[in-house]
Amino acid sequence: MPSPPPGVSERDFQSALRDLEGVVGRDWVFSSDEDVLLYRDGYSPLWGEAEERMASAAVAPNSVEQVQGVVKIANQYGLPLYPISTGRNLTYGGAAPAYSGSVVVDLNRMNRILDVSARDKTCLVEPGVSYFDMYRHLRTNKIPLWIDTADPGWGGLIGNALDRGGGYTDIEFRDHFDAHCGMEIVLPTGEVVRTGMGASPQAKSAQLFKYGLGPWVDGIFSQSNFGIVTKMGFWLMEEPEAALQVSVTVPKRRDVVPLVDTLHSLMCAHTVPSQVNVVSPLMAGNNPEMLRLRGSGGASDEQWERYAASAGGAPFWAASFVYYGPKNVIAAQWQHTKDRLAGIAGVRFAETASYTFPLTDEQVEAVADKARYGIPSLNLFGSRAAPGGPPLEGHMDFSPMIPPHGEELIALTDYTGKAYADQGFTPSFVGGLMFHPRTMICFHAVPTFRNAADNARTRKLFETLVRGCAERGWPIYRIHPVFQKLGMETFGYNDGALHRLHETLKDAIDPNGIVSPGRYDIWPRRLRGTRA
Amino acid sequence: VNRRIFVQNTALVATGFSAWGRAHAAPGGAPDLNGGAAVALVDRSLPGAARFAADARARGVRTLEFARDAADLWMREIEPRLRAGPVAIAGRTSAATAFCVELLARDYGARIVQRTEQGEAVTFVISQSPGQRAALAPAAVRAQWSHSHA
């Protein structure tokens, strides 16, 4: 049997589990080793070590009232809780708690799609609703709306939004937290709060206007531990008449500067609506010379051009994005984009896919880049280990955020390539993804293993990347629980004033410190001396 | 990613679908792993897929073919079947797909009970077992979905 939470006696723990059974039923309290292991982080960089974050039990309520009952018992016994929605965000910790010994509050059973309005293009969902669920619901009922799905699409709308995940369609929808409108939260005291217009009981605009009246507090419930979110509204995208996916390639290393500047300008002007993905085909794969140049951290443009000349003509950079809307509008947007980029010598344009909606089931299956069309997929899996490379157990995402400037992307690629090589790792493939309107996120895969020696190296690499990138002006936007303390340290302006504010809020909102202790390094007063 | 099997009682078998079929096929009919329905999930892009699919069909098992991404089949076929009641899922897929399907099926109390790797393909059986964790998404809960689509 798993150990009880720190500071809770075995007797009290068993008593608490019986009380939890009284709230949710015996079938929905999980305390056997086999069941609790389901909440283990299979990609943990601490796998099998004493510090690995493990749950003590799990409880699966299916209503707001049951969540309140769980919270009440947690306050009574001092049980740390760790709410999850679907718990499948594997590269950021999965379902494992930030604080070992926590009782996972598994909200998978709260999987009701409470409302979808085709007229208003909104939905209201519970935390267990996955992108799969919502997509299927819209498609089965022939509702001409799109979700903006995370990729892979097995996660939940609420969990991904609260962790500030991103998607691929129009800017109004692909910042998943920004696309929400109204939430319901069970506070650590057990009180239920609704935000925005939803706080006005008769409001007809709960999913239409975000702010309501008075201070807008929704943001404090993201990447935090101030309550258990039990409902959220979201805005959905109207299915367009058509879509055109395109690719723009440029031949030289420094071409990325005008490429990104121009595409960013077009995004800001709403000419390019979708997420723009900028990658280097030349730096993909495992060519030893390419990896040597990346690992050197300072290869010159001339060295890269020589390599490019020997590499069979692959373009140095490629951008891909999608237009959505009426066909004649798309044609005009695409032509304008080409006109704006035509000044880059050697630029090439390609139309890679076009669709007219709605799609048949057969057409859906044939879509290569599903997430760009609101279709959840599992395509991302299987693209992990490089052919011939060492077997990987998994990876964490390292996600620094940079300005949308090509020279920053080059500098970041140089820096991280050397950091990987210095620690004995193959440099990660890097792309700059413009999820948000004014930044790029540059995802790097940092491999994790099932042995302590390799994981020690991986943790050292991760720490190096977090600190080194922050020092260069590229802090991360999101981070695995094992590194949340480190991450918050890089947001330490004025001797950690932001962190102190977070913990001041924690003390006020969660006086007994029961909800997700340690998440994003926000610790309740009673545990501050024991923080990881 | 392809070694993540949490379930401690997973039994690895060294043989593929044929052995599975011999061990579990009901006399004169479809395989019956758990007193319920069975489906076969086949990634047609992998070696041996055609033989596996033909073998499954010959045993009367509903055979679902896809190429690389099983998400659509999960949404349209597998998850509704798991929601409706016990079902055994035999598969010949990539290790990544096997991992994904197993993780998704956990919410219905199902676990991998057989698994073997053959080059880039994995042959597996996912099934529900008595005493395992119950389903997290019973039909009664799903049935409460709203139909207000004004």
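Does R253(A) count as buried or exposed, and at what relative accessibility? R253(A) counts as buried, at 4% relative accessibility. Buried here means under 20% relative accessible area, exposed over 50%, and partly exposed in between, with a 1.4 Å probe and protein chains only.

This is a predicted model, in which local features need pLDDT of at least 70, side-chain atom pairs count only at pLDDT 80 or more, and totals for chains, interfaces and linings use all residues. Residues are numbered from 1 along each chain as its sequence is written, chains are lettered from A and ligands numbered from 1 in the order in which they are written, and side-chain values use heavy atoms, with hydrogens and water left out.

Stay with R253(A). This residue sits in the loop between β12 (242-250) and α7 of chain A. Helices (H or I, at least four residues) and strands (E, at least two) are DSSP runs, numbered from the N terminus. The side chain of R253(A) meets that of D414(A) in a polar contact of 2.9 Å. Such a contact is a pair of N or O atoms within 3.5 Å; within protein, one must be able to donate a hydrogen and the other to accept it, and residues adjacent in sequence count only if both atoms are side-chain atoms. Beyond its neighbours within four places in sequence, R253(A) is in contact (heavy atoms within 4.5 Å) with residues including W304(A), F316(A), W317(A) and I410(A).

Next comes helix α7 (residues 256-268) of chain A. Its 13 residues reach 18 Å from first C-alpha to last, close to the 18 Å expected at 1.5 Å a residue. The expected span is 1.5 Å times one less than the number of residues. Buried residues of α7(A) include V256(A), L259(A), L263(A) and M267(A). Just after α7(A), H270(A) takes a positive phi of about 65°.

α7(A) packs against α12(A) at about 125°, with the axes 7 Å apart. Axes are lines fitted to C-alpha atoms, for helices over the stretch in contact, and angles run from 0 to 180 degrees between N-to-C directions. The two helices are therefore oblique to each other. Angles under 35 degrees count as roughly parallel, over 145 as roughly antiparallel, 65 to 115 as roughly perpendicular and the rest as oblique. V256(A), V257(A) and V260(A) of α7(A) meet G406(A), E407(A), L409(A) and I410(A) of α12(A).

Helix α12 (residues 406-422) of chain A has another partner, α8 (residues 288-296) of chain A. Their axes come within 6 Å and cross at roughly 100°. That makes α8(A) roughly perpendicular to α12(A). R294(A), G295(A) and S296(A) make the contact from α8(A), and D414(A) is among the residues of α12(A) that take part.

Now turn to helix α1 (residues 10-24) of chain A. Its 15 residues should span 21 Å at 1.5 Å a residue, and its end C-alpha atoms are 21 Å apart, which agrees. Among its buried residues are F13(A), L17(A), L20(A) and V24(A). The buried residues of α1(A) pack against β1 (29-30), β2 (57-59), α3 (64-77) and β4 (103-106) of chain A. Just after α1(A), G25(A) takes a positive phi of about 95°.

D369(A) lies in the loop between α11 (361-366) and β16 (394-398) of chain A. With a relative accessible area of 30%, D369(A) is partly exposed. Its side chain makes a polar contact of 3.0 Å with the side chain of Q245(A).

Last, chain B. This chain has five helices and six strands. Of its 150 residues, 57% count as buried.
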